[in-house]
Amino acid sequence: MITAAPAPFGQSSGPTVRRVNDPLHGDLLEVSMGPQHPSTHGVFRMDVTLDGEVIVKLKPVFGYLHRNHEKIAENTSYLSSMPYTDRLDYLCSMSTNWAYAMAVEKLSGQAVPDRAQYLRVILAELTRIVNHACLVGFLFNDLGTSFTPLLYAFREREKIIDLFEALSGSRMMCNYQRFGGCRVDPTPEWLAAASKLVDNFPRFLDEYETMLTGNEILLARTQGVGRLDPKHAVNAGITGPVLRACGVNYDLRKVDAYGFYPRFDFRVPLGEHGDTYDRYMMRILEMRESVKILQQAFKVLPAGPIMDPKAKLRGFRPKPGETYGRLEGPKGELGFYLLSDGTPNPYRYRVRPPSLINLTLLEEMCLGHTVADAVVILGSIDIVLGEVDR
Amino acid sequence: MSDAIDKPVPFPAAGNISDAEREELRRHGILMTSLEELYNWGRSNSIWPLQFGLACCAIEMIAAATARFDIARFGAEIFRPSPRQADLMIVSGTVTKKMAPQVVRLWNQMPEPKYCIAMGACAISGGPFKQGYNVLKGIDRFIPVDIYIPGCPPRPEALLNGLMELQKQIQGERLTGPDAARHTRPDMPSEFSVPSYGEHDLQPTKNAEVWKPATPLTRSGKG
Amino acid sequence: MEALDQIRDRLLARFSGASVALVTNPGPAAEHSLLLDPAHAREIALFLRDDSALQLDYCSNATGIDWPEKEIVETKKVSVLDPAGGPAKITEEKTKRVEPGCLEAVYHLYSMALRHGPVVIRMRTANRSDKVNLPSLTPVWRSCDFQEREIFDLYGIVFDGHPDLRRLLMWDEFKDHPMRKDYVDPDDFEWEPTPHAGVLDRAKMHYSAPATLAVSAAPQPEVKP
């Protein structure tokens with residue numbers, strides 16, 4: 001583990017930048033990439049300063065999707081914020097639901113029945129698979145494959161999304177978790193279909209990897225690109241697969257042991273180099289671990305209630321107090337900070353967005369690389385603008 | 001939605017040939033058409049959307065482009081990264097006040113004929129985020145919208161339906177005459193004023209030339 | 001990890017002159033926190049990060065909280081002696097006092113090296129209008145960079161020593177701090193047929209005709225031309 005203090009702020013961890021101080025070099029070029037740009041994954045904007053094609057300065061600009069989630073949540077009841085959490089990270093609504101439900105349960109001291117805990121694990125891991133499969137597709141889009149890997153990813157996504165729709169009634173905005181349990185109990189047919197899908201999933205992964213992992217373009221464009229060193233990554237609060245790609249073993253499923261994760265046997269994949277290729281491999285390996293967790297969960301899923309009988313949804317007023325609940329979302333540590341003053345509305349409601357904080361070191365990762373590499377580096381960090389700007 | 005798409009697609013054939021006669025001729029292998037019809041047929045089947053995702057609805061827009069829903073069946077699979085090459089702007093998601101000037105600027109950069117689909121509740125009216133201080137309450141405050149697709153987010157099928165409605169609208173457009181399409185008339189605006197960032201809100205908050213809301217329905221007495 | 005009051009005692013012993021108070025959390029989560037005085041906050045933060053027993057190398061969450069001025073009415077029962085010599089009268093005496101408001105920044109610290117946490121630290125500004133400066137902890141934990149910019153944007157806390165303190169989410173010309181409790185957002189609602197309280201109140205300001213308002217709580221179709 002890293003214990004030494006990181007370098008003082010402002011000293012770049014990236015590669016050295018070619019200095020422009022002689023008349024042979026032209027002027028620096030300032031480009032605003034975004035907010036409408038085909039590969040900034042939404043309305044993200046980077047103000048880039050270029051020397052030729054090499055980035056010498058990069059400042060991210062946020063707020064183009066700032067939809068006031070926190071302000072709206074402070075003006076409504078605890079339960080009515082649940083559908084808004086779907087729209088935070090709109091690729092993984094099931095995990096965001098769980099993160100919020102978990103924070104509220106921590107705030108009010110509620111218990112969750114066993115079956116609901118297993119269902120939460122199942123749905124969160126399915127969400128992780130959807131997210132990682134799509135991310136890999138988008139990453140290859142950024143590499144210039146023009147849609148083909150994404151078509152495969154979306155084929156698998158549609159299968160899982162159909163399951164979510166059968167369970168919750170909505171493809172993307174599931175609004176499924178409740179404080180003290182889940183909303184609907186899946187039928188045996190649903191469980192059988194989900195279990196079958198999970199059993200078949202490694203075949204898709206093999207197919208995907210055969211196409212992508214050894215691909216020469218992928219190797220050439222990602223190995224050694226956008227290196228992140230663990231010391232700075234920890235200091236900058238980077239979490240999730242991006243952090244583990246640089247070799248830091250910090251997975252909240254193991255560290256916090258929340259939910260029923262301690263009951264499952266799975267490993268945490270770790271990278272060595274912290275470059276874009278490792279971040280890609282991290283996603284592939286995590287999908288394989290998720291499949292392992294899911295297969296165990298379907299075997300041991302107990303019967304029983306899915307809601308705590310004492311749970312109160314309407315007129316829910318937690319006692320005054322504050323809490324910070326967090327879980328390992330597909331993008332990193334997703335946390336909710338809640339401050340209750342005893343009224344039906346939270347006094348302070350704050351989302352700790354992994355996508356935003358993972359962008360802290362974007363400039364350091366991109367310095368010295370070309371614009372085309374910056375696009376790939378950004379793609380490998382995995383951001384969703386609904387969560388970055390909230 | 002305009003009235004044009006509710007009417008059946010007209011056949012503005014030359015001369016005095018009726019639709020039935022034309023159909024009869026077609027069975028015998030003789031195709032008769034007008035330049036207008038041919039032009040609209042070509043345009044409506046090669047709508048190139050702008051590759052422009054705003055929020056959650058953008059994911060469903062991508063899903064509509066993938067194999068299961070396959071927007072290519074309608075000739076609209078070529079998402080152009082540049083507004084200069086696009087015919088259709090799908091406003092897919094929440095338009096914030098910080099983003100609104102950019103959306104209007106993109107719309108101004110698109111060449112005529114151009115069309116706009118407001119996809120999802122947020123683009124139509126602000127949707128669930130309507131009470132937010134930074135949320136624009138409907139993109140139709142700044143640019144004219146042809147098709148509204150409700151939903152949060154709308155399913156890909158709904159987007160396809162909206163696209164088909166737009167195709168019907170295009171097929172019914174006239175090139176000449178008093179009811180000619182917008183892009184053929186020099187008196188209709190093609191570019192709209194871009195709002196600027198103010199100290200508390202956008203300046204102006206809406207474009208009064210574009211946004212003309214209906215007067216609210218009121219009922220007298222106690223409901 | 002050692003208990004929070006032990007950490008406080010160690011901090012007080014090490015930093016003479018610093019004030020570190022324990023803020024208890026009455027909720028079931030019982031995540032108590034340490035209130036630091038802004039003058040010593042950065043030294044203490046550095047100590048928390050580098051101390052070998054704590055090694056809080058990871059600042060997960062930084063957020064602002066707005067505490068507006070609160071008027072507190074206290075009733076005290078006072079017995080007043082009757083000057084005429086009768087029995088003492090008990091009167092209620094009401095005293096009003098205004099509890100000063102402040103802005104607060106809260107940081108949640110964890111240790112990735114030792115896998116413990118959280119340690120919650122908080123700092124308070126002197127008031128909400130002109131003395132809103134706090135020391136930035138970005139030089140200690142880089143992860144506070146964007147989050148402190150967000151607090152500056154939405155709450156108006158000025159972080160001294162932040163390398164790049166600009167608005168994060170709103171545009172630069174924006175003057176207000178929208179997450180403060182007394183922020184009034186621009187009124188650009190049209191008439192709404194929904195019965196939601198906040199929207200309905202806004203609608204009332206626009207359409208004061210009584211016929212509209214008597215029934216506006218009932219669902220009505222909205223007509224578009």
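A residue is called buried here if 20 or more other C-beta atoms lie within 10 Å of its own, exposed if 12 or fewer do, and partly exposed in between, with the C-beta atoms placed from the backbone.

## Model and numbering

This is a predicted model, in which local features need a pLDDT of at least 70 and side-chain atom pairs count only at pLDDT 80 or more, while totals for chains, interfaces and linings use all residues. Residues are numbered from 1 along each chain as its sequence is written, and chains are lettered from A and ligands numbered from 1 in the order in which they are written.

## Confidence

The predictor gives the complex an ipTM of 0.85 and a pTM of 0.86. For single residues the guide is pLDDT, the predictor's confidence in each residue on a scale from 0 to 100. Chain A averages a pLDDT of 86, with 93% of its residues scoring at least 70, and over residues 1-18 of chain A the value is below 50, although this stretch has 34 contacts in the model beyond near neighbours in sequence. Two residues are in contact when their C-beta atoms, placed from the backbone, lie within 7 Å.

Chain B has a mean pLDDT of 84, and 88% of its residues reach 70 or more; its residues 1-5 stay under 50, and the model has nine contacts for them beyond four places in sequence. In chain C the mean is 81, with 84% of the residues at 70 or more. Confidence in chain C is lowest in helix H5 (residues 210-215), at a mean of 43, and highest in helix H3 (residues 144-154), at 92. Residues 209-220 of chain C stay under 50, and the model has 22 contacts for them beyond four places in sequence. Where pLDDT is low, the predicted coordinates should not be read in detail.

## A helix pair in chain A

Helices (H or I, at least four residues) and strands (E, at least two) are DSSP runs, numbered from the N terminus. In chain A, the axes of H4(A) (residues 114-143) and H14(A) (residues 371-381) come within 9 Å and cross at roughly 175°. Axes are lines fitted to C-alpha atoms, for helices over the stretch in contact, and angles run from 0 to 180 degrees between N-to-C directions. Angles under 35 degrees count as roughly parallel, over 145 as roughly antiparallel, 65 to 115 as roughly perpendicular and the rest as oblique, and H4(A) and H14(A) are therefore roughly antiparallel to each other. A:Phe138, A:Leu139, A:Asp142 and A:Leu143 of H4(A) make the contact with A:Val375, A:Val376, A:Gly379 and A:Ser380 of H14(A).

Nine of the eleven residues of H14(A) are buried, so this helix is largely enclosed by the rest of the structure. The buried residues are A:Asp373, A:Ala374, A:Val375, A:Val376, A:Ile377, A:Leu378, A:Gly379, A:Ser380 and A:Ile381. Just after H14(A), A:Asp382 takes a positive phi of about 70°.

Chain B has six helices and five strands, which follow the pattern α-α-α-β-α-β-α-β-α-β-β along the sequence. Buried residues make up 41% of the 223 residues in chain B. B:Phe79 lies in the loop between H3 and strand E1 (88-92) of chain B and counts as buried, because it has 20 C-beta neighbours inside 10 Å. Leaving aside residues up to four places away in sequence, B:Phe79 touches B:Pro49, B:Gln51 and B:Ala65.

A nonpolar core is a set of buried Ala, Val, Leu, Ile, Met, Phe, Trp, Tyr and Cys residues joined through C-beta atoms within 7 Å. The largest such core has 213 residues, of which B:Met89, B:Val91, B:Ile117, B:Ala118, B:Met119 and B:Ile139 touch the most other members. Its largest share, 18 residues, comes from H4(A).

## Contacts between chains

Chain B places 30 residues in contact with 27 residues of chain A. On the side of chain B that touches chain A, helix H3 (56-65) and helix H4 (100-109) of chain B are the elements that give two or more residues, and H3(B) supplies the largest share, five residues.

The contact between chains A and C takes 42 residues from chain A and 34 residues from chain C. Elements of chain A that give two or more residues to this contact include helix H3 (93-108), strand E6 (321-329) and strand E7 (332-340).
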